[in-house]
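Please take a moment with the sequence and the model before reading on.

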Amino acid sequence: MSEAVPNPSQAAWRRRALLLAPLAVAGLGGAGFYAMLRGLGTGDYDPRGVPSALIGKPAPDFTLPPLEGSGLPGLSAADLTAGRPVLVNFFASWCVPCVIEHPQLMRLARDGIAILGIAYKDKPEDSLGFLKRHGTPYARLGVDQPGRVAIDWGLYGVPETYLIDKSGIIRWRMAGPVTEEILAQQVTPLLRRLA
Amino acid sequence: MIRWLFLPMLAAMLAIGPALAVGDPADQLPNPAQEERARVIGRELRCMVCQNQSIEDSDADLARDLRRIVREQVAQGKPDDAVLRFVHERYGDFVLLKPPFKPETAILWGMPAIALLGGALLIRGMRRRRVPLAPDELTQAERDRLAQLAGRPRE
Amino acid sequence: MIPEIGHFALALALALSLAQAAVGLIGAQRADARLMGAAAPLAAGVLVAVAAAFACLVWAYVANDTTVLNVVQNSHSAKPMLYKVSGAWGNHEGSMLLWVLILALCGGAVAAFGTNLPSALQARVLGVLALVALGFLGFILGTSNPFERIWPPPMDGQGLNPILQDPGLAFHPPLLYLGYVGFAVTYAFAVAALIEGRVDAAWGRWVRPWALAAWSFLTLGIALGSWWAYYELGWGGYWFWDPVENASLMPWLAGCALLHSAIVVEKREALKTWTVFLALLAFGMSLLGTFLVRSGVLNSVHAFANDPERGTVILILLALYIGGGFLLFAWRAQAMLPTGVFTPVSREGSLVLNNLLLCSIAAVVLVGTLYPMFADLVLKEKFSVGPPFFNTAILPLAVPLIGAMALGPVLPWKRARLFPALQRLWWAALAGLAALALCLMIEGQRVGPALGFGAAAWVILAAVADIADRIALFSRPRAAWARAKGLPRAAWGGATAHAGMGVMILGLAGMGLATDTLRLVKPGETVALAGLDYRLVSVVDAPGPNFSARRATVEVRDGGTLVTVLQPERRSFPQGRMTTTEAAIHTTWLSDLYVVLGEERDGGAVLRIHNNPLAPWIWLGGAIMALGGGLSLSDRRMRVSAPAAKPVKAGARA
């Protein structure tokens with residue numbers, strides 16, 4: 001109590017600012033929540049989507065055996081630096097969204113894009129059946145039955161698709177099916193830019 | 001609240017499988033000290049496909065894989081932070097249940113200090129502003145009350 | 001027909017609430033006794049109408065009326081009756097209706113028991129409560145009508161999630177809502193005080209019972225939810241720092257600060273502006289929780305009502321109530337001047353410290369809960385903020401809080417000296433240190449549990465010392481009984497609640513020493529854990545009312561003597577194709593023996609066995625805390641609430 005009482009107008013101003021503080025904080029919070037709700041509607045704010053930690057980094061080193069009976073060669077990290085951008089697609093026969101994205105992959109393959117497949121935690125005969133039913137978009141196909149290589153890629157579900165540029169750097173990752181919109185809005189322009 | 005909490009969680013589990021499963025003894029390390037260390041590490045790692053569960057508390061496929069990897073590396077004798085770094089490099093900040101210190105998390109980690117300091121400043125400001133009454137002076141009401149309470153040591 | 005009656009009753013309640021808000025607020029402003037007098041009967045009317053609507057919804061569930069969409073989505077004819085009834089509030093729409101029902105109950109209680117309030121204050125409080133009810137009734141009718149029909153009706157409903165079919169969880173939401181909504185009343189008192197521009201000791205005395213009641217119910221609700229998670233989820237965990245758990249912890253912390261600072265307003269007419277702020281904050285935190293859980297902004301794959309449109313409406317309601325309250329606060333709180341003076345070391349000073357620490361913890365929980373969302377929005381970065389963060393960040397705040405909570409009650413008002421107060425507690429402090437040392441000796445390096453045991457001994461014994469001191473148990477033991485009877489219930493309540501906290505810390509510390517083992521066991525084989533032998537006897541089929549199950553029988557022996565027989569189950573529900581585990585728990589009060597049945601293979605079964613020392617004391621401690629709140633609430637002074645009638649109060653205690 002021995003401290004000097006500050007000059008009254010300054011004290012009153014400070015008190016007013018203090019009393020306004022809760023309103024200001026609540027207002028900012030409210031604006032943030034509003035932006036989140038808007039973003040939920042437009043897709044700008046997605047509490048689920050987690051970006052890959054590997055963007056901008058070289059693809060991990062790995063070697064995967066081929067799928068017996070598919071006639072496709074196996075896949076290793078060396079195949080990713082082929083002098084042109086490639087897509088790496090993790091899939092499984094038990095994964096429903098994989099069926100949804102498959103036509104888009106087939107189209108990309110027809111357009112001459114190199115798609116390298118990795119069958120994730122799938123029995124070889126099931127993978128073969130899947131490719132027989134839906135077609136084979138893959139130039140190479142590795143089998144990752146224990147799912148270890150997938151963890152090196154930071155995969156957390158199937159399907160996931162990665163875009164790797166000429167020098168083997170991961171540029172883009174899609175967790176979930178590559179739909180027609182995503183193909184048109186993201187994949188195709190990126191491929192063109194990186195070619 | 002727990003009700004609202006688990007509904008989404010359950011929905012998530014439904015999509016992934018019975019995440020409430022009990023665990024597999026075969027995944028455990030034979031050395032109890034190592035197993036305990038692996039668990040402590042596992043509790044710091046988020047099950048990516050679950051709602052706010054650590055990989056130790058979930059039997060989602062991916063959580064099991066990560067549990068196995070943590071145990072392998074612990075068995076190889078890697079130190080705790082190396083195991084955490086291995087997962088962090090692959091899955092990013094999101095996988096750490098305790099966010100790393102960096103400029104983006106300064107407010108979060110600074111919060112206890114910010115709150116305490118802010119509160120202390122507020123209290124100081126309030127005390128300075130207080131109408132300076134003589135501290136020992138009693139109001140009439142207090143004097144009355146004191147008279148009534150006489151004989152009581154304290155209330 | 002009955003669902004339409006319910007729908008109509010809701011619309012009626014909306015209209016009555018509008019009238020209640022208008023007569024209450026306008027009547028008080030114009031000092032019109034006739035208008036103000038109409039608020040109480042209108043509040044009764046709202047209560048009747050909302051209760052009727054709620055009864056209609058429960059009827060639809062009990063009768064399994066499959067023409068009602070809400071019933072179809074959340075119920076099934078094969079469900080046991082208890083869960084048919086509780087299913088009525090086990091979903092977004094029904095739980096909102098329960099929320100409004102409890103709000104109407106509070107309004108009715110203010111109308112019925114608030115007759116000794118100044119009529120303008122009562123009218124304003126009822127008016128504000130009606131405004132809150134108005135918003136949420138509008139929300140229910142506009143976006144979340146529980147009575148919506150579906151045609152053609154399906155054969156049967158889709159069932160309630162089996163994990164929610166549990167008696168603990170049936171009563172968890174009502175208790176929780178009693179807490180949340182109870183803070184609506186303290187909020188209404190705060191808004192009324194801001195409109196009147198006056199806060200005095202009497203206001204503090206009126207607000208405190210509501211804060212106490214709301215806080216006690218919230219304590220029970222949280223404890224019940226935590227207990228449910230412990231026995232139902234089968235991991236032996238009891239608190240996960242999940243955003244939705246945090247959403248209930250924040251109003252609890254703010255409410256706890258509120259009921260302590262209201263004591264200072266009541267006794268000393270100090271901290272008035274701060275107390276009003278806390279009253280606004282406690283309800284604000286309740287509403288924030290509602291928003292977080294129902295809007296879909298949380299990181300969740302399928303949020304409960306992740307309809308951004310609904311979220312927007314709740315956000316608008318939040319803006320109206322929280323924003324409006326804080327706006328009024330910024331505008332009107334200038335008028336309130338503090339009068340009470342005290343030195344830092346005093347009862348008031350200790351309560352200020354309590355508020356500082358409780359609010360700091362609340363701030364950490366709030367920021368920790370919202371940080372991932374805001375970091376995602378602003379920084380476009382994904383973070384997880386989980387148990388390891390909260391445990392680390394809150395410990396340095398909790399330790400001084402626990403240290404001070406024992407000391408506060410023995411400090412005199414206005415000015416005190418620390419040393420005499422500490423002298424009163426020397427044996428509590430000694431016991432705390434002894435417990436700490438003993439635990440370190442027995443358990444070795446585990447500092448956390450040792451600190452916990454020390455803190456528990458300190459808090460519990462300080463509460464005992466406080467009471468012993470007040471009744472002069474040691475200085476004049478013969479008069480102690482008479483003094484104990486004469487001691488106000490509020491003193492007993494405070495000490496009980498503090499001791500309850502100590503008991504809870506005891507349980508938490510015990511759980512810090514929990515051990516478990518996971519084994520594949522064949523029938524006849526034995527697993528040893530924490531000095532006990534668990535023998536798997538058999539695994540058999542055990543059908544239930546709406547599920548099929550596998551049931552293991554496990555004998556637990558201590559040496560040769562049988563301690564108990566545990567029967568954990570794995571249930572599979574055909575509705576929703578879900579499997580749940582039912583842990584079997586036997587408590588010896590010194591520890592919980594907890595067995596979970598896993599998958600069966602190779603002629604054996606996977607068993608996870610936990611030994612959880614002192615686990616039940618966590619929730620028992622919560623119940624004791626709530627009991628303390630109840631004891632305090634039953635104090636005569638809470639009910640004899642005449643403002644200028646201090647003599648009456650003194651007389652009543654003579």
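Which residues of chain A does the UniProt annotation "transmembrane region" cover? According to that unreviewed entry, the annotation covers residues 17-37 of chain A. In this structure, which is a predicted model, the chain over residues 17-37 of chain A is 100% helix and 0% strand, and the end C-alpha atoms of that stretch are 30 Å apart.

Turning to chain C, one finds 21 helices and 10 strands. The radius of gyration of chain C is 26 Å, close to the 26 Å that the globule rule gives for 654 residues, and chain C is therefore as compact as a globular protein of that length. Along its principal axes, the C-alpha trace of chain C spans about 80 × 75 × 55 Å, and buried residues make up 59% of its 654 residues. If one looks at contacts in chain C between residues at least 6 apart in sequence, 73% of them join residues at least 24 apart.

The domain assignment divides chain C into domain 1 (1-165), domain 2 (200-406), domain 3 (407-513) and domain 4 (515-614), and the C-alpha centres of domain 2 and domain 4 of chain C lie 39 Å apart. A separate description comes from UniProt, where an unreviewed entry places the annotation "domain: Cytochrome c assembly protein" on residues 89-295 of chain C. Over residues 89-295 of chain C the chain is 77% helix and 0% strand, with the end C-alpha atoms 18 Å apart.

Strands of chain C can be followed in an open sheet of four, whose order is β1-β10-β9-β8 and whose pairing is antiparallel. The edge strands of this sheet are β1 (515-521) and β8 (584-587) of chain C, each of which pairs on one side only, and neighbouring strands are turned by 15° against each other on average, direction ignored. Within the sheet, β8(C) pairs with strand β9 (residues 591-601) of chain C in the antiparallel sense over four bridges, and the bridge partner of I585(C) in β9(C) is Y594(C).

Another antiparallel pair is made by strand β4 (residues 548-558) and strand β5 (residues 561-566) of chain C, which five bridges join. In this pair E555(C) stands opposite V565(C) in β5(C). The two strands, β4(C) and β5(C), form a hairpin with two residues between them, and G559(C) in the turn has a positive phi of about 65°.

The remaining details concern the backbone. Most residues other than glycine have a negative phi, and most peptide bonds are trans. Against that background, a cis peptide bond joins V158(A) and P159(A), with omega about -5°, and P159(A) lies in the loop between α4 (148-152) and β6 (160-164) of chain A. In chain C, a cis peptide bond joins W151(C) and P152(C), with omega about 0°, and P152(C) is found in the loop between α6 (119-143) and α7 (167-196) of chain C.

A472(C) has a positive phi of about 55°, although it is not a glycine, and lies in the loop between α16 (447-470) and α17 (480-486) of chain C. With 15 other C-beta atoms within 10 Å, A472(C) is partly exposed.

Methods. Residues numbered from 1 in each chain as written. Chains lettered and ligands numbered in written order. Predicted model: local features only at pLDDT ≥ 70, side-chain atom pairs only at ≥ 80, totals over all residues. UniProt positions renumbered as here; feature names shortened; annotations may be inferred. Pairing = 2+ DSSP bridges. Axes fitted to C-alpha atoms, helices over the stretch in contact; angles between N-to-C directions. Rg over C-alpha atoms; globule rule 2.2 N^0.38 Å. Buried ≥ 20, exposed ≤ 12 C-beta atoms within 10 Å, placed from the backbone. Contact = placed C-beta atoms within 7 Å. Domains from an automatic or database assignment.
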